[in-house]
Amino acid sequence: MNHGMFITFEGPEGAGKTTVLAMLQEYLEEQGFQVLLTREPGGIPIAEQIREVILSTSNTEMDPRTEALLYAAARRQHLVEKVIPALEKGSMVLCDRFIDSSLAYQGYARGLGIDEVSTINEFAIEGLWPDATFYFDIEPEEGLRRISSNSGREVNRLDSENAAFHDKVKEGYMQLIDRYQGRFHIIHAEKELPLVFEEVKAKLLDIINR
Ligand SMILES: Nc1ncnc2c1ncn2[C@@H]1O[C@H](COP(=O)(O)OP(=O)(O)OP(=O)(O)O)[C@@H](O)[C@H]1O
Ligand SMILES: Cc1cn([C@H]2C[C@H](O)[C@@H](COP(=O)(O)O)O2)c(=O)[nH]c1=O
């Protein structure tokens, strides 16, 4: 079976993933790659509906385990409906957030435990871990500053958590980078956009040509 590559993009809020991913899609398509750009939670109608429930600023009473299960449910449906068929067609799948967001946000920052959240997610993904993961490294305060100066960006329930929560998200990611050393690639996301894009492009081409 023809099998594409599954590449995920992670980091704190406002790190620049969405912006760079749009540039990367355009570049890779110009190079002749078949590309699927998608995001989590979301990417398909059922998962977009779950996204609304999770991220609505009205749902302040949501229990952390409910939150973790909803992310895992959205992930499962998105994989089955969209990601797996694209990989089977040989596409390069670029996904804005995946399992590592659950491990950092729900596992570490919410305090549910990285191993516990990994267990429910392993049920959801059935062994489909990313081939590579780019971590956009930025101080959480700087990412939040970028979001607040973008008037078009809605602030969601997770964005609205306090600074201590966002600092813990970053600590969670640091643990994951240590745990999955071969899979993670660090991007210096505080630099200017063209430099960030060049770094991602160079590292991705390296991975593709390995
Ligand atoms: N390198 C950069 N320098 C300065 N501003 C940037 C840079 N990259 C992106 N931005 C701006 O920062 C804001 C957040 O970027 P973006 O939406 O791409 O981040 P994100 O990682 O997808 O965030 P989130 O995961 O919270 O949705 C946008 O207004 C974007 O234009
Ligand atoms: C997949 C996933 C996401 N999150 C959080 C991270 C962000 O705060 C939002 C998604 O918003 P974005 O603007 O699309 O980045 O959800 C999470 O906590 N757990 C997850 O598994």
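**Sheet, helices and ligand shells**

In the predicted model, Tyr-135 stands opposite Ile-186 of strand β5. This pair belongs to the contact between strand β4 (residues 132-137) and strand β5 (residues 184-188), two strands that run parallel and are joined by 5 bridges. Strand β4 also pairs with strand β1 (residues 5-10), again in the parallel sense, through 4 bridges, and within this second pairing Phe-9 has Phe-134 of β4 as its bridge partner. Strands of a sheet pair through backbone hydrogen bonds, in either a parallel or an antiparallel arrangement.

Taken together, 5 strands form an open sheet with parallel pairing, in the order β2-β3-β1-β4-β5. Strands β2 (35-39) and β5 stand at the edges with a single partner strand each, so that one side of each is left without a neighbour in the sheet. From one strand to the next, the twist averages 20°.

For the protein chain as a whole, the secondary structure comes to 8 helices and 5 strands, which follow one another along the sequence in the pattern β-α-β-α-α-β-α-α-β-α-α-β-α. A compact globule of 210 residues would have a radius of gyration near 17 Å, and the 16 Å of the protein chain therefore agrees with that expectation. The C-alpha trace spans about 45 × 35 × 35 Å along its principal axes, and 34% of the 210 residues are buried. Of the contacts between residues at least 6 apart in sequence, 80% join residues at least 24 apart.

Ligand 1 is surrounded by 14 residues, of which Gly-16, Thr-18, Thr-19, Arg-146 and Asn-150 are the closest. At least two residues of this shell are supplied by each of α1, α6 (140-148) and α8 (193-208), and the largest share, 3 residues, comes from α1. By class, the residues around ligand 1 divide into 4 nonpolar, 6 polar and 4 charged.

The shell of ligand 2 comprises 13 residues, and Tyr-71, Ser-101, Ser-102, Tyr-105 and Leu-158 come nearest to the ligand. Helix α4 (residues 99-109) gives the most to this shell, with 4 residues. The shell around ligand 2 is made up of 4 nonpolar, 4 polar and 5 charged residues.

Helix α4 is itself mostly covered, with 11 of its 11 residues buried. The buried residues of α4 include Ser-101, Ser-102 and Tyr-105, which are also among the residues that come nearest to ligand 2. The buried residues of this helix pack against the strands β1 and β4 and against the helices α3 (64-88), α5 (114-125) and α7 (163-179). Just after α4, Gly-111 adopts a positive phi of about 85°.

Arg-97, in the loop between β3 and α4, has a phi near 80°, a positive value in a residue other than glycine. Arg-97 counts as buried because 22 C-beta neighbours lie inside 10 Å, where the cut-off is 20 or more. Apart from its neighbours within four places in sequence, Arg-97 is in contact with Phe-9, Glu-10, Arg-39 and Glu-40. The C-alpha atoms of Arg-97 and Leu-176, which are 79 residues apart along the chain, are separated by 14 Å. Pro-41 is found in the loop between β2 and α2 (45-55).

A positive phi in a residue other than glycine is also found at Glu-126, where the value is near 50°. Glu-126 lies in the loop between α5 and β4, and it counts as exposed because it has 10 C-beta neighbours inside 10 Å, the cut-off for exposed residues being 12 or fewer.

Definitions and conventions: Residues numbered from 1 in each chain as written. Chains lettered and ligands numbered in written order. Predicted model: local features only at pLDDT ≥ 70, side-chain atom pairs only at ≥ 80, totals over all residues. Pairing = 2+ DSSP bridges. Axes fitted to C-alpha atoms, helices over the stretch in contact; angles between N-to-C directions. Near = placed C-beta within 6 Å. Nonpolar A, V, L, I, M, F, W, Y, C, P; charged D, E, K, R; others polar. Rg over C-alpha atoms; globule rule 2.2 N^0.38 Å. Contact = placed C-beta atoms within 7 Å.
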